Amino acid sequence: MMELWNPGAILPGVVGAISMLLAFFALQVLPVNSVGLLLLLLGIILLLLEVKVTSYGALTIGGVVALTFGSIFLFESRQTFYRVSWS
């Protein structure tokens, strides 16, 4: 809502998009793999938008955060050797 009320403010839209995808994961509306893929896609879109939109780094930080969360949520496995390594 803040992005619609203040169209020039970039940060509320970025935080809202990431928070909405994380809420879909937390409320078990979407499976873990789908949320991870959508977060990766959102991160790429935010990084590409940084080239065209002057956001003073808000889109870049949001893109890096979305890519980080997306890469963590992409794989879900009970075995430790099938998970993504933190290092």
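This is a predicted model: local features need pLDDT of at least 70, side-chain atom pairs count only at pLDDT 80 or more; totals for chains, interfaces and linings use all residues.
Residues are numbered from 1 along each chain as its sequence is written, and side-chain values use heavy atoms, with hydrogens and water left out. Local features need pLDDT of at least 70, and side-chain atom pairs count only at pLDDT 80 or more, whereas totals for chains, interfaces and linings use all residues.

Helices α2 and α4 form a packed pair. Helices here are DSSP runs (H or I, at least four residues), numbered from the N terminus; strands are runs of E, at least two residues. Helix α2 covers residues 11-26, and α4 covers 58-73. Their axes lie 9 Å apart, at an angle of about 10°. Axes are lines fitted to C-alpha atoms, for helices over the stretch in contact, and angles run from 0 to 180 degrees between N-to-C directions. The two helices are therefore roughly parallel to each other (under 35 degrees; over 145 counts as roughly antiparallel, 65 to 115 as roughly perpendicular, the rest as oblique). On the α2 side, the contact (heavy atoms within 4.5 Å) is made by L11, V14, I18, L22 and F25. On the α4 side, A58, L59, G62, V65, A66, F69 and F73 take part.

A nonpolar patch on the surface is formed by L38, L41, I45, L49 and V53. Together these residues have about 380 Å² of accessible area (Shrake-Rupley method, 1.4 Å probe; for residues, only the protein chains shown count as cover). L41 sits in helix α3, residues 32-52. Its relative accessible area is 48%, so L41 is partly exposed (between buried, under 20%, and exposed, over 50%; 1.4 Å probe, protein chains only). V53 lies in the loop between α3 and α4. V53 is also partly exposed, at 33%. Beyond residues up to four places away in sequence, V53 touches I10 and L59. V53 and I10 are 43 residues apart in sequence, yet 9.3 Å apart in space, C-alpha to C-alpha.

Q28 lies in the loop between α2 and α3. Q28 counts as exposed, at 70% relative accessibility. Y56 is found in the loop between α3 and α4.

Terms used. Patches are made of residues with over 30% relative accessible area and no salt bridge: like charges are joined within 9 Å, nonpolar side chains (Val, Leu, Ile, Met, Phe, Trp, Tyr) within 5 Å. A salt bridge is a side-chain nitrogen of Lys or Arg within 4 Å of a carboxyl oxygen of Asp or Glu.
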